[in-house]
Amino acid sequence: MAKFPKNFLWGGATSAAQIEGGRCLDGKGLCHLDYVYFRGPKTPCNFMLKKDLEKARAEETTLNFPNRRGIDFFHRYKEDIALLAEMGFKSFRMSISWTRLFPTGLEETPDPEGVRFYHDVFAELHRYGIEPLVTMIHYELPIIFVEKYDGWVSPEVIPYCFRYLKFLIDEYKDEVKYWLTFNEINMVCAVPYLGGGIILDRYDDGFEIPKDFRPFAPLPSQMAKRWENASHQALHHQFIASAMIVKYAHETAPNCLIGNMFNLHHLYPETPAPEDALRAHQETEFNMFFCDVMARGSYPSWILSYYKKNGIEITWYDGYEKILAEGTVDFISLSYYLSSIVTADPKRQERIGSFIRTLHNPYLETSDFGWQIDPTALRISLNELRDRFHLPIYIVENGIGAFEELNEEKTVHDDYRIAYLRSHIKAIAEAIEDGVDVIGYTPWGCIDLVSCSLVSMSKRYGFVYVDADDEGNGTYDRYRKDSFYWYKKVIASNGEDLE
Ligand code: BG6
């Protein structure tokens with residue numbers, strides 16, 4: 001098997017909203033994720049209706065929302081970083097909370113306590129030789145933009161966002177080399193509130209979320225149309241903000257490298273029928289479109305035809321072509337969890353927004369949460385990305401979520417996690433052998449954290465168990481799982497010892 005490069009960035013990934021807690025403390029403001037209720041350990045809840053937001057607004061000062069509690073990284077970051085260092089981490093992916101720095105999003109200057117917190121975290125990481133990999137916006141949007149401006153649909157968010165992004169580069173450029181602009185930028189076209197702060201029933205008064213709603217379930221078609229338009233408009237504004245900060249970073253912080261981040265969705269045709277192959281190709285192009293804009297600096301022609309054909313009307317930002325062309329990223333980064341199969345059969349095809357819903361692949365096993373496990377698809381996609389962009393690739397999320405409990409020995413025997421990660425690390429090694437320039441690997445949720453889709457502690461990804469439940473009960477103490485010791489060996493051997 002190919003060797004991993006000498007300076008390969010082994011590590012793990014998190015986001016501020018899912019770990020920090022310390023909301024409402026030290027002047028911290030709230031973002032749109034802080035208003036999402038926990039609705040049950042298997043119920044996706046990253047959607048939002050007007051009435052939900054009103055209800056949540058009335059409870060602004062409580063901690064009834066898992067994202068406001070996180071895992072209390074805000075107070076325990078030293079202990080957590082020590083655990084990461086014990087595993088031998090070279091890299092730690094985290095995000096900065098916009099509202100810890102700019103509590104409402106409208107301030108002209110940041111909150112000094114918030115600014116200091118991140119200096120402290122970076123100093124602690126560097127103390128152990130861990131390179132921070134910082135996501136500037138991991139889904140978080142100050143709540144005022146949801147209420148006043150309709151989230152990212154509105155161009156008014158851009159100048160405020162740019163002020164925040166510019167501050168990050170100016171303030172932290174000497175402490176942080178690797179940056180990502182928007183986490184999973186494509187999710188705005190699949191999960192509107194999460195990705196863009198878009199309230200669903202602003203586009204359809206009286207709409208009720210179906211009881212069995214899943215994040216990738218289809219919406220009623222009339223609504224889907226209006227929402228699809230809104231989500232692509234929001235996406236356009238995120239592309240602009242991203243390109244603006246990439247350009248600024250290139251001009252002012254030449255030591256920094258700045259990447260995109262998208263959710264890689266590998267798609268197979270369900271059958272060898274040419275129609276299925278065409279469908280899979282089109283859906284793959286759609287997935288790649290997000291990278292195309294950020295890495296090549298322009299909209300591909302096919303998406304413009306798609307907009308025209310489907311009545312999607314984008315209000316183009318002034319001078320957008322130049323902005324996008326001048327702000328192309330230095331590397332590609334991605335999250336990868338599962339592969340999917342698609343069919344051309346319209347009767348069996350469901351969509352949500354611009355995304356196709358996936359079908360079951362009988363050749364693959366699934367996780368507790370029904371995600372299809374497929375390391376080979378990662379290898380294939382890495383090869384495709386190499387050929388398409390000729391840029392380094394940083395795999396900044398991957399992993400398996402599971403229901404877990406601490407046993408009497410105060411650990412978790414998570415052999416399924418070891419098996420999952422082992423197979424994916426092997427696939428990455430094979431891709432490197434194929435000639436793909438993979439520079440790092442940061443599995444998701446290296447310490448248990450609040451699940452994004454379920455807003456729950458029940459879905460765990462970590463090498464480290466956190467004693468906290470969905471209601472916020474528990475000691476919040478940390479415990480090493482079996483995978484902790486396994487991953488430590490993997491890193492120490494630079495990916496040679498996977499057994
Ligand atoms: C990615 C997100 O979509 O997947 C993370 O960037 C998220 O924020 C992760 O937590 C896993 O998803 P989930 O819903 O299992 O937490």
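Visitor: Why is Pro269 called partly exposed?
Guide: Its relative accessible area comes out at 33%. Buried means under 20%, exposed means over 50%, and partly exposed is anything in between (1.4 Å probe, protein chains only). So Pro269, at 33%, lands in the partly exposed class. This is a predicted model, where local features need pLDDT of at least 70 and side-chain atom pairs count only at pLDDT 80 or more, while totals for chains, interfaces and linings use all residues. Residues are numbered from 1 along each chain as its sequence is written, and side-chain values use heavy atoms, with hydrogens and water left out.

Visitor: Where does Pro269 lie?
Guide: Look in strand S7, residues 266–269. Strands (E, at least two residues) and helices (H or I, at least four) are DSSP runs, numbered from the N terminus. The C-alpha of Pro269 is 27 Å from that of Gly195, and the two residues are 74 apart along the chain.

Visitor: What makes Ser95 a buried residue?
Guide: Ser95 has a relative accessible area of 2%, so it counts as buried. You'll find Ser95 in strand S2, residues 91–95. A polar atom of its side chain sits 2.7 Å from the backbone nitrogen of Ala16.

Visitor: How do you know that Val455 is buried?
Guide: Its relative accessibility is 0%, and therefore Val455 counts as buried. Val455 belongs to the loop between strand S13 (438–441) and strand S14 (464–466). It also has a positive phi of about 45°, although it is not a glycine.

Visitor: And Tyr139, buried or exposed?
Guide: Buried, because its relative accessible area is 7%. Tyr139 sits in the loop between strand S3 (131–137) and helix H7 (143–149). Phi of Tyr139 is near 65°, again a positive value in a residue other than glycine.

Visitor: What makes the reach of helix H8 close to the expected one?
Guide: The expected span is 1.5 Å times one less than the number of residues. H8 (residues 157–172) has 16 residues, giving an expected 22 Å, and it reaches 23 Å from its first C-alpha to its last. Its buried residues include Val157, Phe162, Leu165 and Tyr172.

Visitor: What makes a group of residues a nonpolar core?
Guide: It's a set of buried Ala, Val, Leu, Ile, Met, Phe, Trp, Tyr and Cys residues joined through side-chain atoms within 4.5 Å. The largest one here has 144 residues, and Trp152 and Tyr172 have the most contacts inside it. Helix H10 (residues 221–252) gives the most to this core, with 12 residues. In soluble globular proteins, nonpolar side chains tend to be buried together.

Definitions and conventions: Polar contact = N/O pair within 3.5 Å; in protein donor to acceptor, adjacent residues only side chain to side chain.
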